[in-house]
Amino acid sequence: MNTKILPESDIRPDLSFGDGDHERFAHYADKDKIMESAFSGTPVRAICGKVWVPNRDPQKFPVCPECKEIYEGLPKGEDNNDNK
């Protein structure tokens, strides 16, 4: 009888939720939720529906086209401030 020992596999959970290209973009989400995530590690939901734990510099990625389209379609506030 031959017994083989398999190498340990990576058992970290996949938090990407099978969203493919969403990983290649910077997403728009509520600033307070992003700040909370920075402290707690809880996932946030972008306006396009992407759920993730922000852990990368969003300046290094292009803006998610779906987030951008949704954001541009939102009514502007009284001060017309473009804070994202």
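**A close look at the aromatic pair**

Reply: Before the pair itself, a word on confidence, since this is a predicted model. Over residues 12-19 the pLDDT stays under 50, and the model has seven contacts beyond four places in sequence for that stretch. Residues 80-84 also stay under 50, with eight such contacts. For the protein chain as a whole, the mean pLDDT is 78, and 65% of the residues reach 70 or more.

Now for the rings. The count of aromatic pairs comes to one. Tyr28 belongs to the segment before α1, while Tyr71 is in helix α2, which covers residues 65-73, so the pair ties together parts that are 43 residues apart in sequence. Both tyrosines, Tyr28 and Tyr71, are buried.

While we're in this region of the sequence, have a look at helix α1 too. It spans residues 31-40, and Ser37 is one of its residues. Ser37 has a relative accessibility of 3%, so it counts as buried; the cut-off for that is under 20%. Leaving out residues up to four places away in sequence, Ser37 touches Thr42, Val44, Val53 and Pro54.

Conventions: Residues numbered from 1 in each chain as written. Predicted model: local features only at pLDDT ≥ 70, side-chain atom pairs only at ≥ 80, totals over all residues. Heavy atoms only, no water. Helix = DSSP H or I, 4+ residues; strand = E, 2+ residues; numbered from the N terminus. Buried < 20%, exposed > 50% of the residue type's maximum accessible area, 1.4 Å probe, protein only. Contact = heavy atoms within 4.5 Å. pLDDT = per-residue confidence, 0-100. Phe/Tyr/Trp six-rings, centres within 6.5 Å; stacked < 30°, edge-to-face > 60°.
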